[in-house]
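Subject: Structure for your files

Hello,

Please find the structure below, with my notes after it.

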Amino acid sequence: MATLPQLIEEDIQALDLILAELLRRSDATSALVVDKGGFLITHRGEADAFDLTSLSALAAGAYSATQTIAQFLHEEQFACVYQQGQKFSLVAINVDESCLLLVIFRAQVGVGAVKFYAGRIRERIARQLRRAYERDPDAEM
């Protein structure tokens, strides 16, 4: 697993703007950037309804377990993991070697729309993280 670069306030503000745009476009409830170790980097949306710290850790673990399943199926990786609920659903999308994008949305919201907008936003998050890596030459990419 790659090391997360040192993020400065400018990075977090940029990520927050990107996540806010995702929420506006997709009608999702919450969006989180999480490192693959389960650490919550930043989030936008409804935070009081969920324990985002625990959710981040558990979703990162579930994503990691799913990647092992992918290997058993002779896949390099699954780019996206979808967990459907009766009230809320969650999509975990691979951003880069170190991070995931988690999107929580009400069950009435279509997963296709969420995945469409999140897929576009994922690249913008990856670009912002690359900028941070470029500022931190000691970080592994």
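His 74 is exposed, at a relative accessible area of 75%. Here exposed means over 50% relative accessible area, buried means under 20%, and partly exposed is in between, with a 1.4 Å probe and protein chains only. His 74 sits in the loop between H2 and strand S3 (80-83). Its phi is positive, about 65°, although it is not a glycine. Most residues other than glycine have a negative phi.

This is a predicted model, in which local features need pLDDT of at least 70 and side-chain atom pairs count only at pLDDT 80 or more, while totals for chains, interfaces and linings use all residues. Residues are numbered from 1 along each chain as its sequence is written, and side-chain values use heavy atoms, with hydrogens and water left out.

Asp 27 also has a positive phi of about 65° and is not a glycine. Asp 27 belongs to the loop between helix H1 (9-26) and S1. With a relative accessibility of 56%, Asp 27 counts as exposed.

Overall layout

The protein has three helices and five strands. Along the sequence they follow the pattern α-β-β-α-β-β-β-α. The radius of gyration is 14 Å, close to the 14 Å that the globule rule gives for 141 residues, so the protein is as compact as a globular protein of that length. Helices (H or I, at least four residues) and strands (E, at least two) are DSSP runs, numbered from the N terminus. The radius of gyration is taken over C-alpha atoms, and the globule rule is 2.2 Å times the number of residues to the power 0.38.

Taken along the principal axes, the C-alpha atoms fill a box of roughly 45 × 35 × 25 Å. Of the 141 residues, 44% count as buried. Among contacts with a separation of 6 or more, 54% come from residues 24 or more positions apart; contact means heavy atoms within 4.5 Å.

The protein exposes about 7800 Å², and carbon and sulfur atoms supply 50% of that area. Accessible areas come from the Shrake-Rupley method with a 1.4 Å probe, and for residues only the protein chains shown count as cover.

Strands

Strand S1 (residues 30-35) is mostly covered, with six of its six residues buried. In a regular strand the side chains alternate between the two faces of the sheet. What covers the two sides of S1 in terms of residues? Ser 30, Leu 32 and Val 34 are buried on one side, and Ala 31, Val 33 and Asp 35 are buried on the other.

S1 pairs with two strands, and both pairings are antiparallel. Two strands pair if DSSP finds at least two bridges between them. Five bridges join S1 to strand S2 (residues 40-45), where Val 33 stands opposite Thr 42. Six bridges join S1 to strand S5 (residues 99-106), and the partner of Asp 35 there is Cys 99. The hairpin of S1 and S2 has four residues between the strands, and within this hairpin Gly 38 takes a positive phi near 105°.

Strand S4 (residues 88-94) has six of its seven residues buried, so it is largely enclosed by the rest of the structure. S3 and S4 run antiparallel and are joined by four bridges, with Tyr 82 paired to Val 91 in S4. A hairpin of four residues links S3 to S4. S4 and S5 are also antiparallel, with seven bridges between them; Ile 93 has Leu 101 of S5 as its bridge partner.

Ala 60 is found in helix H2 (residues 52-72). Is Ala 60 buried or exposed? Ala 60 is buried, with a relative accessible area of 4%. Which residues does Ala 60 contact, leaving aside its neighbours within four places in sequence? They are Val 34, Asp 35, Lys 36, Gly 37, Gly 38 and Leu 100. The C-alpha atoms of Ala 60 and Gly 38 are separated by 5.0 Å, and the two residues are 22 apart along the chain.

Regards
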